[in-house]
Amino acid sequence: MDKNKYIHIIDTEGKRITSIVDNMLKPIGEEDLIKQAKEQYPNANQYIYGNDDMLNQFLSGKIYKEEKFVDPPPYVPSDIELKEQ
């Protein structure tokens, strides 16, 4: 069975903003999906054509840096958050 195809829209930190799925009944293809993504999310950092495997990496919390999936950096609370605790 074929996998879904998507344009994954990525911010400057490598986090997925959203993904646009290619229509399986009437696919529009990579080029047109990228054009659509750039129109809808002009301030995104990257537009990556991928499949369900890539989506699963994002959904598991990974970020996309230097053309590979990595764990995000640990969260560091701000001084204000530390004072509030």
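**Salt bridges, sheet and cores of the predicted model**

D71 forms a salt bridge with K62, with the closest N and O atoms 2.8 Å apart. A salt bridge here is a side-chain nitrogen of Lys or Arg within 4 Å of a carboxyl oxygen of Asp or Glu. The model is predicted: local features need pLDDT of at least 70, and side-chain atom pairs count only at pLDDT 80 or more, while totals for chains, interfaces and linings use all residues. Residues are numbered from 1 along each chain as its sequence is written, and side-chain values use heavy atoms, with hydrogens and water left out.

D71 is exposed, at a relative accessible area of 56%. K62 is partly exposed, at 24%. The terms follow relative accessible area: buried is under 20%, exposed is over 50%, and partly exposed lies in between (1.4 Å probe, protein chains only). Side chains of opposite charge can pair when their charged atoms come close. By the salt-bridge rule, the count comes to three.

Another salt bridge joins D53 to K3, with 2.7 Å between the closest N and O atoms. D53 lies in helix α2 (residues 52-59) and K3 in the segment before β1 (5-10), so this pair ties together parts that are 50 residues apart in sequence. Helices (H or I, at least four residues) and strands (E, at least two) are DSSP runs, numbered from the N terminus. Both partners are partly exposed: D53 has a relative accessible area of 40%, and K3 has 41%. K15 and E13 also meet through their side chains in a salt bridge, at 3.4 Å from N to O. K15 is partly exposed at 42%, as is E13 at 44%.

The strands come next. Three of them form an open sheet in the order β2-β1-β3, with antiparallel pairing. Two strands count as paired if DSSP finds at least two bridges between them. The edge strands, each pairing on one side only, are β2 (16-21) and β3 (46-51). From one strand to the next, the twist averages 25°. Such angles run from 0 to 180 degrees between N-to-C directions, and axes are lines fitted to C-alpha atoms, for helices over the stretch in contact.

β1 is joined to β2 by five bridges, and the two run antiparallel. H8 stands opposite S19 in β2. β1 and β2 form a hairpin with five residues between them. In its turn, G14 has a positive phi of about 90°. On the β3 side, β1 pairs in the antiparallel sense over six bridges. There, I7 stands opposite Y49, and I10 has Q46 as its bridge partner. Five of the six residues of β1 are buried, so β1 is largely enclosed by the rest of the structure.

Helix α2 runs at about 120° to β3. The buried residues of α1 are L33, I34 and A37. They cover an arc of only 100° around the axis, which puts them on the same side of α1. The arc is that of the directions from the helix axis to the C-beta atoms. These buried residues pack against β1, β2 and β3. The face turned away from the buried side of α1 carries the exposed residues E31, K35 and E39.

The largest nonpolar core has eight residues: I7, I9, I20, L33, I34, A37, A44 and Y47. A nonpolar core is a set of buried Ala, Val, Leu, Ile, Met, Phe, Trp, Tyr and Cys residues joined through side-chain atoms within 4.5 Å. β1 and α1 each supply at least two residues of this core. α1 gives the most, with three residues. A second, separate core has five residues, including I10, I48, M54 and Y64.

I9 touches residues that include K15, R16, A37, A44 and Y47, leaving out those up to four places away in sequence. Contact means heavy atoms within 4.5 Å. L55 is found in helix α2. L55 is buried, at a relative accessible area of 14%. Leaving aside neighbours within four places in sequence, L55 is in contact with Y6, H8, R16 and S19. L55 and H8 are 47 residues apart in sequence, with 7.7 Å between their C-alpha atoms.
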